[in-house]
Amino acid sequence: MTIKNQSDSLDFLHIIRLVFADLRFEWILSLCMILALGAVFAPLFILLGLQGGIIGNMLDDLQKDPVSRLVMPKWETSLDEAWLASLRKETGALIESPTAVLLLDVEGMNNPVNVLPTGKADPLLVENSITLENWKKSLVLSTPLAADLRKKQGDPITLTLIRSTGQEERIPLQMQVAGVLPVKASQDSKIWLDAYLFKKLHQWRRGGAVPELGLAGGGTTLSPEYDGIVTLLKRIPSDAEYRTMIGRGLGFSQLPTLFDVTSWGYPAEQQARLWKPLNSRVFEHNFTSLVNRHNEMGFQAEPLPYIDDFKVTLRSDGKNIALRLSSFLAKEKTTPPSGSSNLRHVWISLDDKKQFPYPKAEMTFSTTASGEEIIIPVQIHPLEGIPQGYLVTDPQFAGKMNAARRQEAMYDVQAGEFRPVEQKTRFFRAYTKTIDDLEKLVDFIRTKGKKQASEALMEPVSRIAEVRNIRQLADYMKKLYLLILAVSGVSGFFAILANVYAGIQRKRKDIAYLQLYGLHPVSLVLFPFAKSLVLVSAALASAFIAYGIFSYQTDRLFIDVLGSATSLTRLDREQVMYLVAGLYGTASLASLIAAVAVTRIEPGEYIRE
Amino acid sequence: MLKTRGDSVRKVEVTIPEFTVPPASFTVIVGANGSGKSTFLDMLGLILSSDSAMDFRIMGTLINELTGREKTQLRRRYISYVLQTGGLLEFLTIRENIRFAARLRGKSIFHVDHLTGQLGIADILDKRPGKVSGGQRQKAAIARALIQEAPIILADEPSSALDTESARELMATFKNLARAKGTSLIMVTHDQKLAEEHADRMYRFTIEKTGNGVRSTLRLDSNCQR
């Protein structure tokens, strides 16, 4: 039996008309419900907005600051070209250099300034709209340095190139300020040069020529370098006197420390002080400056070159002995005897000579640059006064060994000299395109560090900790928010369920009449269900309005802190969609459960009262 | 048709041996209070089911074989109600109630004003049922039933809220309007005089006692046939 009626879809339209009529009829009740639900929904949007705004602003700040996207090795280390090629693919910008930093003298500054390499793709320049028009002439200053020098973009500036290759060379280099980086790029005095110029100046310092700048080579041998100077004095200056010496341009910035040389046979009345530079090396001309500054203050200082923890090995006939390099002994004690061979001469303690009785041997050490081993044939002499475990050689040769240890070099046995080889990339500054890529790049570099057993790469320098902290904060806030959402969801669920059920009870008679008119109970479930969803929709709209007002007011309140372009609140479109969908889903479920009560109303319930 | 109600202590057996309603006629059912008039009307409206029915048809459709959904659909298609309480939706105005009823049956809403004018309720159309008198409510309910142009109108004491004179006028109007639309009007009332004045045929419930209750039987009153 099929009884045909008007399409059931028209029942839907009838019900919707009834819904709006009922809402108008109970407008006060409806308004109260909208406001009550709005009061539940609004904090959810506000909290979501605050979460997005606070975290978003923090991440934006990181993203905007190129230094946040920077990863670099802890210090210089050997890097193979194949890995560098893959590193270039992983980064947004890569600045490669043979060394981390150069120290150059700047006209107007008492102390040398740290110089870093840069390039066209360097985000530090790109995001501050600075271009190096002429790689030979342009440089960039940090804000503190620009303030000290009173320089601005376009001003001329003179750098002094200093090199000691036998004799000291000082060559002025006229440059122009291409721009000044903001304080957040560096709070120290720094200069940025084009990476190619940087590499060339580094090469020049090692004795190479730079024809593009008209700079000649300084010989093809390494100049001696030391890690500090030990001064022997009968009378020690006070700290104030030392500070005066430092202020007069000593080349050191820290006070000297007490040093013990008694084991080397120096008389006890002679006191020793160790001068060590910060992040730098000592050259022969520094000895002269140090002695002169002491003389000016009325002190007699005898300078001794100091080399830090330099391990060498003597090997001969299958036997090895490990020793530490020093050059402390007086020069006359370490002069080779006349008629001796052309081999390099070294002196060891009497005890060590007993253990290693060979007159000749190979002295070896590894360079930190490439890990290569340098082998020097030597003649060994025992000498009283040398502490056991040490090896002494000519101070100048010891300085050249120290230089070779740090650089790419080889030993010319015929000439008896170290010769620099062109340094490959040993340092880099890598920038990711976004903060999100930082973790991946750090892991990439760490993996290389583990494979290569290079501590410099195993612990690269970056702001990953800061990014992780922010992400962790974001994670905590998200969990907290979800908890609040769950609590609100449960309370909202029952509020809506109770409201719908109460509405059905109020409308029992009307619902019974509607069944009498021929509307099916299943269609009638739609009546309270649709009414509830209309109220929820209006409540959502009121929540959005409340959020908008909150956002506007907080932005006005915090305009001094945030600025006019940044908002404290931020709603992500996708998150809002999920939230709204979740609220509708919860409301629909609550409404449907309650609305089923309609099916328990009999059409004949209110026929006669 | 047979319907038994009550409890084990006192049973009321409502028996309808025969009940026929010609098209476009006015049939009245009278009986004492508790005789089963309203119960029978509920069965005619497919709200209550009979305990047994040999041949119960509405518009030629055998009711016994219908499912609940089919009964609802049949009720919607063929039957309109005028309830004692009015049967109007409280949250709609009188006009909206009548229009809603028309739309539900797919009927035109253009005649609402004319129809309500004939019933004398044109001035209360924008009021809600709760704000009008009982008599006005019943006239509105009659208008709501008539606008649907259903083949059958079931009316349960539609003039109970009116005084005698008004009730007579209303009955005359109701009957004429229904006849004009070809509607069969089946009315339950306790007002026998009103019934005799206007009904085309009258059925009466008579009650007789049984061992554990009463039996109420519906019979055609042959004195009232037109």
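**Confidence**

For the complex, the predictor gives an ipTM of 0.90 and a pTM of 0.68. Chain B has a mean pLDDT of 87, with 96% of its residues at 70 or more. Within chain B, strand S1 (residues 2-6) has the lowest confidence, at a mean of 70, while helix H3 (residues 94-104) has the highest, at 94. Where pLDDT is low, the predicted coordinates should not be read in detail.

**Salt bridges**

Over all chains, the count of salt bridges comes to 41. Here are three of them, with the N to O distance for each.

| A:Asp22 | A:Lys507 | 3.1 Å |

Let's start with A:Asp22 and A:Lys507, whose side chains meet in a salt bridge. This pair links distant parts of the chain, 485 residues apart: A:Asp22 belongs to helix H1 (residues 8-25) of chain A, and A:Lys507 sits in the loop between helix H13 (464-506) and helix H14 (508-516). Both A:Asp22 and A:Lys507 are buried.

A:Arg315 counts as partly exposed because its relative accessibility is 26%, and A:Glu373 counts as partly exposed at 42%.

B:Asp55 has 53% relative accessibility, so B:Asp55 counts as exposed; B:Arg57, at 48%, counts as partly exposed.

**A hairpin in chain A**

Strands S3 (residues 102-106) and S4 (residues 113-118) of chain A pair in the antiparallel sense over 3 bridges. A:Leu103 stands opposite A:Asn114 in S4(A). The two strands form a hairpin with 6 residues between them, and A:Gly108 in the turn has a positive phi of about 105°. S3(A) is mostly covered, with 4 of its 5 residues buried.

**Pocket and cavity**

The second largest pocket holds about 650 Å³ of space. Its lining has 27 residues, and among the closest to its centre are B:Phe19, B:Val21 and B:Arg57. By class, this lining has 20 nonpolar, 4 polar and 3 charged residues.

The whole structure has 2 cavities of 30 Å³ or more. The second largest cavity has a volume of about 40 Å³, and its lining has 1 nonpolar, 3 polar and 3 charged residues. Residues that line this cavity include A:Pro98, A:Lys199 and A:Glu422.

Methods: Residues are numbered from 1 along each chain as its sequence is written. Chains are lettered from A and ligands numbered from 1 in the order in which they are written. This is a predicted model: local features need pLDDT of at least 70, side-chain atom pairs count only at pLDDT 80 or more; totals for chains, interfaces and linings use all residues. Side-chain values use heavy atoms; hydrogens and water are left out. On a 1 Å grid over the protein atoms alone, a cavity is a set of points where a 1.4 Å probe fits but cannot get out, and a pocket is an open set with protein on both sides within 12 Å along at least five of seven lines; lining residues have an atom within 4 Å of a point. Grid points are joined across faces, edges and corners, and a volume is the space filled by probe spheres set on the points. Ala, Val, Leu, Ile, Met, Phe, Trp, Tyr, Cys and Pro count as nonpolar, Asp, Glu, Lys and Arg as charged, and the others, Gly among them, as polar. Buried means under 20% relative accessible area, exposed over 50%, partly exposed in between (1.4 Å probe, protein chains only). Two strands pair if DSSP finds at least two bridges between them. pLDDT is the predictor's confidence in each residue, from 0 to 100. A salt bridge is a side-chain nitrogen of Lys or Arg within 4 Å of a carboxyl oxygen of Asp or Glu.
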